[in-house]
Amino acid sequence: MIPRLPLPYGTRIDRSQVLTFKFEGRTFRGLSGDTLASALVASGQWLISRSFKYHRPRSVMTMAGQDANTLVQVAGEPNVLADVHPLREGLEATAQNVNGSLEKDRDALLDRLGRFMPVGFYYRTFFGPGKNSWLRLWEPLIRKKAGLGKVDTSAPRARYEKQNLFYDVLVVGGGPAGISAAIEAADACARVLLVDENPELGGSLTYARFDDKPEATALLLRDLRQQIKAHPGIKVFTNAVANGWYADNWIPVITADRLYKVRAKEVILCTGSLDQPVPFRNNDLPGIVLGSAVQRLMRHYAVKPGRRAVVFAGNRDGYRVALDLVEAGVEVAAIVDPRASQQHTSFAAQLETKGVRIILNAGIAEAAGTAGNKHLKAARITRADADTSEWIDCDLVSVSCAYTPTYQLALQAGAKLSYDDGTAQFTLTNAPAHLTLAGSVAGNFSLPSVLAAGRKAGGNAAQTLGLASREIEVPEDEERSLSSLELPLVGHSKGRDFVDFDEDLQVKDIENAVRTGYDELELVKRFSTVGMGPSQGRHSALATARIVAHATKRKVADIGVTTSRPPFGPEKLGLLAGIQQSRYRYTSVHHRHVEAGAKMTPVGAWWRPLYYGDQRSADALIVDEVNLVRQRVGILDVSTLGKIELRGPDAGLLLDRFCSMNYAKQPVGRVRYCLTLNEMGTVIDDGVAFRVAEDHYYVTATTGGVDRIYADMCWQNVQWGLDVDIHNVTAGFAAFNLTGPLARQVLEAAGGMDVSSEGLPFLGGRTGRVANCPVRIMRIGYSGELSFELHTPQSYGEALWDALMEAGKPLGLRPYGLEASRILRLEKGHIIIGQDTDAVSTADELGMAWALAMKKPFFIGKRSTELLRRLPARRRLVGFELPASEQDRPDEACLILEQGEAVGHVTSTCLSPTLGKWIGLAFVPADLAEQGRTMLIKTRKGAQLRARIVSPHFFDPENKRQEI
Amino acid sequence: MALLAASRRTPLGDVYAEHSDGVLSSIDTTLIRTTVVPESHGEGPIELLDLTRYARFGIKGKGASDWLRSKAIALPEPVNTLAPVASRKLDLVRLGAEDYLVLPQSVGQSASLAALRSAWESDGRERKGFNAWREEVWAWFHIHGANVADFLAKTCPVDLNADRLPLRSVVQTRVAQLDCILVRTDRTNDHGFDLFFDVASANFMMSSLKELGAA
């Protein structure tokens, strides 16, 4: 490990704790508090990644997690930003996007083939050379090369949480402006949340050089941190990213394992600004670093970034970096200042005293690398006022020239981005109400101005909240005009002057995009992919805007930046998913099913018994359950059925309009089928209506359809201005269907009500008590056998179930499951909504015209039904049968063939235990639906079975069994 | 078969402590209590009580307000607040213009509630609202603890902090992906909320809250 700089350098490291880690299989040592990248650079390992397209060597650029150069794979996690990822003992990391190894990447050859891959080449390259070349050649090749890193699909399950937070003021950014804003707002008694993406508060105060002595800056930082820590009204999140802005100041703040959904009355954005790179040939070589990154390496991690440096200083901060380098023992070979005259005489004097050469009116034309371009070895300096150029040996180029405000959240909130030609900076205006900007994001650069602007923003936020706060003046900002410089952006003739490091886009690529005709920025983005990489244009937007402005002879202000959308940075899918909780609902006798050995199955959110017994003999068990119902008596838990109370003087009228039969004239104590259509005449649900009293109907709906039916009823009730109280009591009532020839005997044994055929005839309904449980009992069923459906308040569910089971024990009563129920209903020819119907099924197609009271003045779907009846019938749902001896079996969704063409499909089918043959329902064209015809069913194995079309009422078509 | 008093059960398996005269027994040690967040670092636990077995009564629809007024009960104003009915030892929760939930002030002492319900049921007037079946359609939990607002913030999008949501406030919101009515009652003299939600989801609510507290 190369020795680190002495104290006070290295504010984030603990020199007493050495950590061992591996990168690309090699063992390295770092210090506690290091990031992976700082530890690698400290060890002399600058090469960290290969670029996306040309596989060029890349290394740290921002040291702030704002570029893609440090993306690595850490164990099973891809795309980890090494410049912010904390080092841990035993950490193992590898490079991504390499063919072979990082050091010897076979795909580095692509760097020499750049001329064959101009901007947008992929839009027009992969069509040839032959037919289907894309599918046979290019797509497999690109797929193999695509993507960064590898997801470990066997990684252990991680826990991610979400949490809602509510604050008066949210301050985004914990630099000097953000800290000041938070203190000022909290002093006024606002509840404040201060969020910063770094591991500690302080922002630029932790690494940058200001006009005061470094000791004074350190004291200021300590004082501000102490104020924050001591303030009861301020909550601080570090290592947390405010990852977007949504309406009403809803801000997702993400940490490693938690997504905070923050709602704040006032938001203050102190998001700072981003140091910008400068395009020159080979400006991506390892060793070419932004000035702020140089300072971070030294101040945070005590890493000496080089031995001999060239400093590109297009602004005051460039000179400050040079002073920092000199003080850290780095030889500054030259300061290259593109401006014609000296703007920073004080700094210049200090540097010249130390023997540093300052070259004015100059630029860096290109850089040269060591073998394989693994590191910078020299920079060629040109002067605007001379034809000659000069190579300067160096292993570090520090670049400081311009800033862009970290504008993403502000733009998402609706602020406008402009460009100030005087200061050569983007500016933000028109921030919406309840959102304020302060600090360098708002154009404040000198420290006194930044601090005051932060305090003023905090005070203003407090005032908006109705809290008393101090009046604060922001001093004139003398640095504003000295922070950014607009360089002429002329591409190098040999290229490799990168504008977008993520996507390997050079100056000429942007120029060519414009030349091709994409002269609007959004089009340039889509054609060239500029700004589409992981850093989302943070370091390319300004340069691109200037290039496009120059190429189209417009102002930068007219070009702007592309639309900024959330998220600001990457967020893990686990954070979005949170804790996985799949909703489930239990009926009141769920535990009884489990105790009885039921195989439970989900039906929507509900869990229902599929059958009872060992899965290995499921088929036999289901047949046994069917036979039980046909020969003796079974009980089915139908508690999941939708149940709706309709009460009030217009209840009958509502039902008359909502469903297709007559209900207003339905006698009290009678149950009537309900078929519900939509305005298109499509069947959407069914159930029954039990008229409990003149003004009271108890209506059932399907398990899956009840929420829609309830919502539609409520809507129509209001639309029609009816006086009905509608109440969804689905979960409030347990319901059991007792069915089979012995069902009446079970109820008689249970006691409590007259269930004789006279006392409770078919389609009759009564209220009373069975086994001392309050019930609504209906003579209806789905099986075609004598059936009683008992509904009881769910708290009585277990008691009623147990009582019925006890009473039915001598008669052989057992529960049966959904699968047997499906067979029983199919034998009887009853449809299941959603299985035997689809999005366009009409009652006529289903053979249910009997359920349409067309003489009623109105019901939903009536008009459409009338119109459809004027047209030729399109299809019919028919019954079909096949011998049980067929070699193959039909299945649901199997096609019906006619002269080799698919003309319909099977909706339901089973091998009927009662009838001893295959039966089923299928949609067929109306002209092929005649009973007695045969049709071909194509099985899943491809066989063709000849089935006979029959009445869908396969069993007991005269209904003698259910009406006894 | 002899007609015995049917035993009523809650979704979590608790028995309705119902005496033959229909009066519920007082709150006791048999109540299902679950610690969803254990005590740690000096911060008290967060506990969940299943109150589903206790009586409550809901009426809704036209005439409900008038009927309550006719019984000299002052209605909570505005909607989504709770008003104590001191004379009857009841709490009246207003969920809508004509939607009310009546709770006993002390969950175990429901004689007054039973009397009010009986009066409603026997009242022959045409418009008096309708039975809202609140004791059947909703489970009733109470969750409490000093940090209960922070805990519920993991799953509820409403600010439940004690200084933001006063006692007797009612919030109709979502908890654990379920529609849920929260009533701040501080029933155990601790910061706490009564939760009313889909009775069929009681097991899910319990397991979800335990999972959220398992960090």
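Which helix of chain A lies across S44 and S45 of chain A?

## Basis of the report

This is a predicted model, in which local features need pLDDT of at least 70, side-chain atom pairs count only at pLDDT 80 or more, and totals for chains, interfaces and linings use all residues. Residues are numbered from 1 along each chain as its sequence is written, chains are lettered from A and ligands numbered from 1 in the order in which they are written, and side-chain values use heavy atoms, with hydrogens and water left out.

## The barrel of chain A

In chain A, six strands close into an antiparallel barrel, in the order S42-S45-S44-S43-S46-S47. On average, neighbouring strands of this sheet are turned by 45° against each other, direction ignored. Strands (E, at least two residues) and helices (H or I, at least four) are DSSP runs numbered from the N terminus, and two strands pair if DSSP finds at least two bridges between them.

Strands S44 (residues 901-912) and S45 (residues 917-925) of chain A run antiparallel and are joined by seven bridges. A:His905 has A:Phe923 in S45(A) as its bridge partner. The helix lying across both strands is H21 (residues 818-828) of chain A, at about 115° to S44(A); axes are lines fitted to C-alpha atoms, for helices over the stretch in contact (heavy atoms within 4.5 Å), and angles run from 0 to 180 degrees between N-to-C directions.

## A hairpin in chain B

Strands S9 (residues 170-175) and S10 (residues 178-184) of chain B pair in the antiparallel sense over six bridges. B:Val171 has B:Leu182 in S10(B) as its bridge partner. The two strands, S9(B) and S10(B), form a hairpin with two residues between them, and B:Ala176 in the turn has a positive phi of about 50°.
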